[in-house]
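Subject: Structure handover

Hello,

Here is the structure I promised to pass on. Please open it alongside this email; my notes follow below.

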Amino acid sequence: MWYHRPVINEELLQSLPNLKIVASSGVGIDHLDLKLISSYGVKVSNTPFVVSTDTADLGMALMLASSRRLVEGYQIAVSPDTEYFPADWLGAEVSGATLGIVGMGTIGYKVAERAKAFEMKILYHNRNRRNKEEESAVGAIYCKKIDDLLQQSDFVLLSVNLTPQTHKLIGKRELELMKPTATLINTSRGLVVDQDALVEALQNKVIKAAALDVTYPEPLPRDHPLLKLKNVIITPHIGSATKKTRRLMMENMMESIQAGLAGLPIPNEVL
């Protein structure tokens with residue numbers, strides 16, 4: 001499967017009686033009905049580890065681009081109407097700011113490693129707390145309650161899988177807990193955020209800005225209000241989109257397929 005295609009539904013499963021494995025690209029498995037697939041005796045694999053470095057890089061890139069208003073700055077620099085650069089056109093500091101990471105898995109931890117180099121104060125909220133050695137290596141502070149993280153962070157970065165528990169994890173209440181100077185960064189799945197609530201929060205300056213690699217749907221309708229806001233940066237779901245990583249993803253998928261056909265243990269099997 002690439003970009004969630006083909007759709008693995010009952011009709012397809014019934015039409016493929018010899019199917020042994022579904023190899024899905026990327027980390028997320030929210031597009032797969034694992035119980036249904038398993039009921040046909042079919043195994044599932046994904047490619048969770050090869051995408052983590054590039055996705056963490058993109059998370060930092062979105063943070064920097066949003067805080068320093070790079071898209072707006074580019075437009076000023078190239079506009080035929082620009083006669084001078086305004087002296088009061090200012091961005092926000094990343095170095096020394098507080099970053100709250102929601103979801104400290106492989107990607108979230110790699111973001112923390114990068115943020116440490118920017119001397120950021122790092123908070124994180126996760127289903128399971130990291131061990132003390134991992135925390136101290138990046139200087140991360142655990143927030144048992146997500147509310148504590150939201151209230152303290154200058155940047156909130158979402159790096160969670162989409163599950164029933166994380167569906168619209170960030171809604172109106174959570175956005176109102178954030179600082180009015182805070183930026184929301186989402187590199188996970190669009191449905192982790194209540195998009196209507198986000199539009200309202202951005203329009204009413206409940207939060208300062210958003211930087212999104214994911215939305216719902218993808219792409220957004222061309223008249224969607226998010227596309228008209230100056231305090232929003234949107235990229236086309238490119239967290240893992242580098243030549244090296246995409247090649248490694250395909251190699252991982254082939255290894256899983258070959259193992260599945262040979263009846264061997266499947267690398268990166270989703271259980």
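**The domain interface**

Between them, domain 1 and domain 2 bury about 550 Å², with 39% of that area on carbon and sulfur atoms. Bear in mind throughout that this is a predicted model.

The division runs as follows: domain 1 is 10-49 + 242-262, and domain 2 is 52-83 + 90-234. Their C-alpha centres are 30 Å apart. In contact across the boundary are seven residues of domain 1 and six residues of domain 2.

Which residues of domain 1 lose the most area to domain 2? They are Val-27, Asp-30 and Phe-49, and together they account for 65% of what that side buries.

On the polar side, four residue pairs are in polar contact between domain 1 and domain 2, counting pairs with both residues at pLDDT 80 or more. The rule finds one salt bridge across this interface. Take a look at Asp-30 again: its side chain meets that of Arg-189 in a salt bridge, at 3.2 Å from N to O.

**The cores**

The largest nonpolar core holds 29 residues. Leu-175, Leu-184, Leu-198 and Leu-226 have the most contacts inside it. The largest share, five residues, comes from α9.

There is also a second, separate core, of 25 residues. Among its members are Leu-58, Met-63, Ala-112 and Ile-122.

Setting aside neighbours within four places in sequence, Leu-198 is in contact with Leu-175, Leu-184, Val-193, Ile-207, Ala-210, Leu-212 and Leu-226.

**Helix α9**

Which residues of α9 are buried? Gln-195, Ala-197, Leu-198, Val-199, Ala-201 and Leu-202 are. The cover over the buried residues of α9 includes α8, β7 (183-186), β8 and β9 (232-234).

Both ends deserve a look. At the start of α9, a side-chain oxygen of Asp-194 comes to within 3.2 Å of the backbone nitrogen of Asp-196. Just after α9, Lys-205 has a positive phi of about 60 degrees.

**Salt bridges**

The rule counts 12 salt bridges. Here are some to check.

- Asp-57 and Arg-114: their side chains meet at 2.7 Å, N to O. This pair links distant parts of the chain, with Asp-57 in helix α3 (residues 52-67) and Arg-114 in helix α5 (residues 106-117), 57 residues apart. Asp-57 is partly exposed, at 36% relative accessibility. Arg-114 is also partly exposed, with a relative accessible area of 22%.
- Glu-135 and Arg-129: the closest N and O atoms of this salt bridge are 2.7 Å apart. Glu-135 counts as buried because its relative accessible area is 8%, under the 20% cut-off. Arg-129 is exposed, at 52% relative accessibility.
- Lys-172 and Glu-176: these side chains form a salt bridge at 3.0 Å, N to O. The two residues are four apart in helix α8 (residues 172-177), so about one helical turn separates them. Lys-172 is partly exposed at 45% relative accessibility, and Glu-176 is partly exposed at 48%.

One network to note as well: Asp-147, Arg-173 and Glu-174 are joined by salt bridges that share partners.

**Ser-256**

Ser-256 sits in helix α10 (residues 243-262). Is Ser-256 buried or exposed? Ser-256 counts as buried because its relative accessibility is 0%. What does its side chain meet in a polar contact? The partner is the side chain of Ser-45, at 3.5 Å. Leaving aside neighbours within four places in sequence, Ser-256 is in contact with Ile-21, Ser-45, Ile-266 and Pro-267.

Best wishes

How values were computed:
Residues numbered from 1 in each chain as written. Predicted model: local features only at pLDDT ≥ 70, side-chain atom pairs only at ≥ 80, totals over all residues. Heavy atoms only, no water. Core = buried A, V, L, I, M, F, W, Y, C linked by side-chain atoms within 4.5 Å. Buried < 20%, exposed > 50% of the residue type's maximum accessible area, 1.4 Å probe, protein only. Contact = heavy atoms within 4.5 Å. Polar contact = N/O pair within 3.5 Å; in protein donor to acceptor, adjacent residues only side chain to side chain. Domains from an automatic or database assignment. Buried area = accessible area lost by both parts, 1.4 Å probe. Salt bridge = Lys/Arg side-chain N within 4 Å of Asp/Glu carboxyl O.
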